[in-house]
Amino acid sequence: MTLNLALTLLVLCILFNAVVFSIYWIDKRAARNGRWRVSETNLHAVDLCFGIIGGLAAQEIYRHKTVKPRFVATTWAIALIHVLGLAALALGWVGIGLPQA
């Protein structure tokens, strides 16, 4: 992997996790103000697809959804999926199919 590609992936990872963090913040604000909420399914979907780190950070910082055992368990299952996927990439068990330079 080239340095440019690695930096691009790092920037995308940071950006995606910032978006996920923001979605949790929006939902927390809506909860406090009695407005429309982001569904738990959608929160988990963005965690799975875009960034579990942002979701976990927002849950901790905003104390959001931390008393709902099922939500917390699903969030940690998604975190485990991310860790296993990253481990498989790091160990070379799977590739991401990028074109060779």
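Analyst: Before we start, buried means under 20% relative accessible area, exposed means over 50%, and partly exposed lies in between. Please keep in mind that this is a predicted model.

User: How many disulfides does the structure hold?

Analyst: A disulfide needs a pair of cysteine sulfur atoms within 2.5 Å. The sulfur of Cys49 is 14 Å from the closest cysteine sulfur, that of Cys13, which is too far for a bond. The number of disulfides in the structure is therefore 0.

User: Is Cys49 buried or exposed?

Analyst: The class exposed begins over 50% relative accessible area. Cys49 has a relative accessibility of 54%, and so Cys49 counts as exposed.

User: What is the relative accessible area of Cys13?

Analyst: Cys13 is in no disulfide. Cys13 falls in the partly exposed class, and its relative accessible area is 38%.

User: Which helices does the aromatic pair of Phe21 and Tyr62 tie together?

Analyst: The rings of Phe21 and Tyr62 form a tilted pair, with 5.2 Å from centre to centre and 45 degrees between the planes. Phe21 is partly exposed at 22% relative accessible area, and Tyr62 is also partly exposed, at 21%. Because the two residues lie in separate helices, the pair ties together parts that are 41 residues apart in sequence, namely H1 (residues 3–33) and H3 (residues 52–62).

User: Over the ring of which residue does the charged end of Lys65 sit?

Analyst: The charged end of Lys65 is 5.7 Å from the centre of the ring concerned, and that ring belongs to Phe71.

Key: Residues numbered from 1 in each chain as written. Predicted model: local features only at pLDDT ≥ 70, side-chain atom pairs only at ≥ 80, totals over all residues. Heavy atoms only, no water. Buried < 20%, exposed > 50% of the residue type's maximum accessible area, 1.4 Å probe, protein only. Phe/Tyr/Trp six-rings, centres within 6.5 Å; stacked < 30°, edge-to-face > 60°. Helix = DSSP H or I, 4+ residues; strand = E, 2+ residues; numbered from the N terminus. Lys NZ or Arg CZ within 6 Å of the ring centre and 35° of its normal.
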